[in-house]
Amino acid sequence: MIQIVEKRDGRVVGYNEEKIKAAIRKAMLTTERGEDEALIQKIADRIGIAGKQRMTVEEIQDCVEVELMKSARKDVA
């Protein structure tokens with residue numbers, strides 16, 4: 001379970017699922033199909049639980065892309 005996130009500038013902050021969901025939502029809104037709140041929550045849950053205790057922003061971003069590619073919303077990835 002993710003607890004600590006290392007930001008791109010080296011700062012270390014606590015994990016915030018809402019930031020992950022906001023980033024996914026923002027990417028979805030750039031597509032024709034718009035947002036899918038159920039999928040957003042599902043991806044955030046999977047990443048939050050399956051992730052290492054400490055992850056970088058890049059590692060989290062990679063996990064989001066993998067989950068999107070496994071879903072019907074490959075267009076968002």
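I began with Lys 21, which, with its neighbours within four places in sequence left aside, is in contact with Glu 37, Ile 40, Gln 41 and Ala 44; contact here means heavy atoms within 4.5 Å. Before going further I noted that this is a predicted model, in which local features need pLDDT of at least 70 and side-chain atom pairs count only at pLDDT 80 or more, while totals for chains, interfaces and linings use all residues. I also noted that residues are numbered from 1 along each chain as its sequence is written, and that side-chain values use heavy atoms, with hydrogens and water left out.

**Lys 21, continued**

I found Lys 21 in helix H1, helices being DSSP runs of H or I with at least four residues and strands runs of E with at least two, numbered from the N terminus. Lys 21 counts as buried because its relative accessible area is 8%; the cut-offs are under 20% for buried, over 50% for exposed, and partly exposed in between, with a 1.4 Å probe and protein chains only. Its side chain makes a polar contact of 3.3 Å with the side chain of Glu 18. A polar contact is a pair of N or O atoms within 3.5 Å; within protein, one must be able to donate a hydrogen and the other to accept it, and residues adjacent in sequence count only if both atoms are side-chain atoms.

**Overall fold**

Buried residues make up 30% of the 77 residues. Of the contacts with a separation of 6 or more, 57% join residues 24 or more positions apart.

**Thr 31**

I looked up Thr 31 in the loop between helix H1 (17–28) and helix H2 (37–50), where it counts as buried because its relative accessibility is 16%. Its side chain and that of Arg 73 are joined by a polar contact of 2.8 Å. Not counting residues up to four places away in sequence, Thr 31 touches Arg 73, Asp 75 and Val 76.

I placed Ile 4 in strand E1 (residues 4–6) and recorded it as partly exposed because its relative accessibility is 29%. Beyond four places in sequence, the residues that Ile 4 touches include Val 12, Tyr 15 and Met 55.

Glu 59 lies in helix H3 and is partly exposed, with a relative accessible area of 28%. A polar atom of the Glu 59 side chain lies 2.8 Å from the backbone nitrogen of Thr 56. With neighbours within four places in sequence left aside, Glu 59 is in contact with Lys 52 and Arg 54. Although Glu 59 and Val 5 are 54 residues apart in sequence, I read a C-alpha to C-alpha distance of 9.5 Å between them.
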